[in-house]
Amino acid sequence: QLWVMAAPAIAFVAVFAYVPMYGLQLAFREFDFTAGITGGDWVGLKYFRQFFESPQFWTLIRNTVVISVSTLVVGFIAPIVLALMVNQVLGRRRKKFLQTATYLPHFISIVVIVGMLQVFLSPSSGLITRFVGLFGVEGANFLGSASAFVPVYVISEVWQHAGWNSIIYLAALASVDTQLYEAARIDGAGRLSIIRHVDVPALIPTMIVLLILNMGNVLNTGFEKIFLMQNPLNLEVSEVIATYVYKIGILSSQFSYATAIGLFNTLISFTFLVITNQIAKRVSNTSLW
């Protein structure tokens, strides 16, 4: 019965994660439309060298790392802080309302989120732009500013996903023995002391596992959102590996070159995942394997 229950998930992963790996050979072949995916001359590491020697290589790496690491750091800390705050709220109804209000943005479409950003940050009529104008900053174009692109992207990502990501931390806090809280209060501990000595230690194993999983996607920025937020004014900081692969592979039909770039990105992410897992295993004895 357990295998029957797991069968749909196994089939999904097999079809959409493992079967497509057959196409990775395109990274080492000169793709030929007439020969199909298995045809074409073998060119070895030609496209990898082409990417490494490209003038855009370091720009793409820099932009991808800056956006990914910023989102990872802020997006990793925010759910933990939110979970600790929600856990301190007294009253079941107030706690449920706060949880619902914070994780509802997770279900909003990315297209709608970007549309909201364009409305709120419009240089002429945006609500946030007008509010900032009260402090002397007139006509600020946040979406068209290279320096403001990363903060806008990160803040909007945290707003959308922090509530949803905090659910697993709230579940971990719910498993804490209530006697620990009672003993801490008897010893004279305040809220901050309880959070520091009871809640945070209870969250550390969950934090480590989620950090390892997040490190596996350290270079996989959200393609859809970045692509929708791109414009000629912020392209110098918003062009990342994911959008570049789309433009090279789909728009320019350079399938072999795009496959090589995508494979390079995957290998780097996998390396970060393995390294983080080994460090966590040695430091805290908590790991994925």
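The model is predicted, so local features need pLDDT of at least 70 and side-chain atom pairs count only at pLDDT 80 or more, while totals for chains, interfaces and linings use all residues. Residues are numbered from 1 along each chain as its sequence is written, and side-chain values use heavy atoms, leaving out hydrogens and water.

**Exercise 1. The overall build**

Task: Find how many helices and strands the protein chain has, and what box its C-alpha atoms fill.

Solution: 
- Step one is to list the elements: helices (H or I, at least four residues) and strands (E, at least two) are DSSP runs, numbered from the N terminus.
- The chain has 13 helices and 0 strands.
- Next comes the box: along the principal axes, the C-alpha atoms fill roughly 75 × 60 × 35 Å.
- Now look at contacts, meaning heavy atoms within 4.5 Å. Among contacts with a separation of 6 or more, 64% join residues 24 or more positions apart.

**Exercise 2. Surface and charge**

Task: Work out what share of the residues is buried and how many side chains are positive or negative.

Solution: 
- Begin with the cut-offs: buried means under 20% relative accessible area, exposed over 50%, and partly exposed in between (1.4 Å probe, protein chains only).
- Of the 289 residues, 37% count as buried.
- The chain exposes about 17300 Å², with carbon and sulfur atoms supplying 68% of that area.
- For charge, Lys and Arg count as positive and Asp and Glu as negative, with His and the chain ends not counted.
- That gives 17 positive and 13 negative side chains, and the centres of the two sets lie 10 Å apart.

**Exercise 3. Spans from a record**

Task: Which residues does UniProt list for "transmembrane region"?

Solution: 
- The unreviewed UniProt entry lists residues 65–90, 102–121, 127–155, 200–219 and 255–275. Such annotations may be inferred rather than shown by experiment.
- Take residues 102–121: this span is 65% helix and 0% strand, and its end C-alpha atoms lie 22 Å apart.
- Then take residues 200–219: here the chain is 80% helix and 0% strand, with 28 Å between the end C-alpha atoms.

**Exercise 4. Salt bridges**

Task: Find how many salt bridges the whole structure has, and where K225 and E157 lie.

Solution: 
- A salt bridge is a side-chain nitrogen of Lys or Arg within 4 Å of a carboxyl oxygen of Asp or Glu. The search of the whole structure finds 3 of them.
- One of these joins K46 and E30, at 3.1 Å from N to O. K46 lies in helix 2 (residues 46–52) and E30 in the loop between helix 1 (2–18) and helix 2, so the pair ties together parts 16 residues apart in sequence. K46 is partly exposed at 35% relative accessibility, and E30 is partly exposed at 32%.
- Another joins K225 and E157, at 3.2 Å from N to O. K225 sits in helix 10 (residues 223–229) and E157 in helix 7 (residues 146–174), so this pair ties together parts 68 residues apart in sequence. K225 is buried at 2% relative accessibility, and E157 is buried at 16%.
- K247 and E239 also meet in a salt bridge, at 3.0 Å from N to O. E239 is buried, at 9% relative accessibility.

**Exercise 5. A positive phi**

Solution: 
- Read the angle: phi of S253 is near 60°, a positive value in a residue other than glycine.
- Check the surface: S253 is partly exposed, at 37% relative accessibility.

Terms used:
Areas by Shrake-Rupley, 256 points an atom, 1.4 Å probe, with all protein chains shown as cover. Charge placed at Lys NZ, Arg CZ, Asp CG, Glu CD.
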